[in-house]
Amino acid sequence: MKFGQNFGNAIRRFGGAMIVPVLLFPFFGIIIGIATLFKNEAIMGHMAKPDSLWFQIWTLIENGGWTVFENIELIFVIGLPISLAKKSAGHAVMSSVVTYMMFNYFINSILSMWGKSFGVNFDEKAGAGTGLTELVGIKTLDTNIIGALIISGIAIWLHNRYYDKKLPESIGIFQGSPFVIMSAFFVMIPLAFLTSWGWPIVQGWIASLQVFLASSGYVGVWLFHFLERILIPTGLHHFIYTPFEYGPAVVNGGIKSYWISHLNDYSNTTQSLKDIYPGGGFLLQGNIKMFGSIGIALAIYSTAKPEKKKEVGALLIAATLTAVFAGITEPLEFTFIFIAPFLFLIHALLGATMVTIMHAFGLVGNLGGGLIEIAATNWVPLFGNHWSIYIAQFIIGFIFIFIYYFLFRFIILKFDIPMPGRESEASTNTKLYTKKDYQASKQDKAMQGTMTTEYEEKAAAYLQGLGGVDNIIDVTNCATRLRVTVQEPNKVESVDYFKANGGAHGLVKSGGNVQVIVGLSVPQVREAVEQIIHRQTQSTEPQ
């Protein structure tokens, strides 16, 4: 049972860590979308002729926008250790990158010498459809993001286990990162042989999966989006969309990259996008974030008590704008996800149904993020020739806003669900931890150090609520959540403490795995938490 819980916690932390590199993609997607728009001769006229200075400038900008998409594996190899390393994250990043390069150098050597024995024509030029690629100048098997995640995960595990290992004085020069990389060296050799044998077989399976998904129809689209939404509380939703969006589940390199790379072609054609885009409807969850969030927010606001509408409205405006424009839904969804889980189930059902209907009307594309990214990589460059499907998208979206609103409002009132602004009078009189209580906790100088920023104050308050530094096993984060493993869960305070002291949006507890819903400032808060832990650890070590 304990193994299963620990394994589940590890999987959740790994899934959450993937959001660190993913946060880079919207900006670069927007850059490429804008550049594609300004290079479109049908929209910009003679200014966008290929030999014009205007075209050349935007080509320069577009090429910069491809930075992360052309190096997506390396971005994940660098990004994961930032969240998953339990100590010295910078050294973990170095170990992860070096390990990944070693792995691919070994594969290059194996297939250069014995490629035919493994059924691989390594003399073939690397490219799409060959199963081969080039990574930082290394010709290797195209293991895509899956290989990057596995190798990075191994490197992080080795780092967490062996970085602090004490070696005999005579070989002390190899302590720390050198010892981690030495260990990885001998792990990567057999893994490279196993990959050289097994990955071509997996590539065959993936090809079969692509055929299956291409013919799965609307059932596949609905199930994909239902699972992507319903698994958000567990953090496992990353494992649903990542292989489609960034991996080879549908097309090599991911459907997001494929869409952006063909955006200029799509903007110039009047042919149905549904017929020519192989991504199907597997990247439409941004509609749930835009339209569903508005309906939910309106329902929560309309059911709040009159004297609390102003307070609730301020809370909902910020959370809804974050969901609609940035595509980050947790601040809004976590206002009700644990108060009334069946409402979240309804949310997932409605969202999956909405996007499947949109897909039936021809909607496809890069619509997984927020409004800004969707506009830049879909509406703006493509509206001229494909306006009808976007009109249908908005009509269906607005219909579902009303469905969300009336259904959520009915259920909240029918079952008297204590949503924000509907708390009973008794609950408002319940003793919460106050600012005064928090200030009193600052007497622990070893833990606090000097409070100079809002992030440090939040970090100190959260540590206090988590049972103190001695109760912390490890700390990571995803896009909005501070993920902590504690030794004694009973020492963790209630959600009221974290809301009153540090302004958390919520709290998730599952055994020793605790998630504090912080918001978009969570990377800074996590860093402050680690600094406080480090200060106290240093102060208690024998001199």
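Tyr 258 sits in helix α12, which covers residues 255-261. The model is predicted. Tyr 258 counts as partly exposed because its relative accessibility is 24%, and buried would require under 20%. Beyond four places in sequence, Tyr 258 touches Val 251, Tyr 266, Tyr 277 and Pro 278. Pro 278 is 20 residues from Tyr 258 in sequence. In space, the two C-alpha atoms are 8.7 Å apart.

Next, helix α9, residues 177-214, which holds Ser 196. Ser 196 has a relative accessible area of 0%, so this residue is buried. The Ser 196 side chain places a polar atom 2.8 Å from the backbone oxygen of Ala 192. Leaving aside neighbours within four places in sequence, Ser 196 is in contact with Ile 107, Ile 110, Leu 111, Phe 118 and Leu 141.

Now helix α8, which runs over residues 144-162 and has 19 residues. From first C-alpha to last, α8 reaches 27 Å. That is close to the 27 Å expected at 1.5 Å a residue. Buried residues in α8 include Ile 145, Leu 149, Ile 151, Ala 155, Ile 156, Leu 158 and His 159. Among the buried residues are also Asn 144, Ser 152 and Asn 160. An α-helix has 3.6 residues a turn, so residues three or four places apart point the same way.

Finally, Cys 478. The UniProt annotation "active site", from an unreviewed entry, covers this residue. Cys 478 lies in the loop between β3 (472-477) and β4 (481-486). Is Cys 478 buried or exposed? Cys 478 counts as buried, because its relative accessibility is 4%.

Notes. Residues numbered from 1 in each chain as written. Predicted model: local features only at pLDDT ≥ 70, side-chain atom pairs only at ≥ 80, totals over all residues. Heavy atoms only, no water. Helix = DSSP H or I, 4+ residues; strand = E, 2+ residues; numbered from the N terminus. Buried < 20%, exposed > 50% of the residue type's maximum accessible area, 1.4 Å probe, protein only. Contact = heavy atoms within 4.5 Å. Expected span 1.5 Å × (residues − 1). UniProt positions renumbered as here; feature names shortened; annotations may be inferred. Polar contact = N/O pair within 3.5 Å; in protein donor to acceptor, adjacent residues only side chain to side chain.
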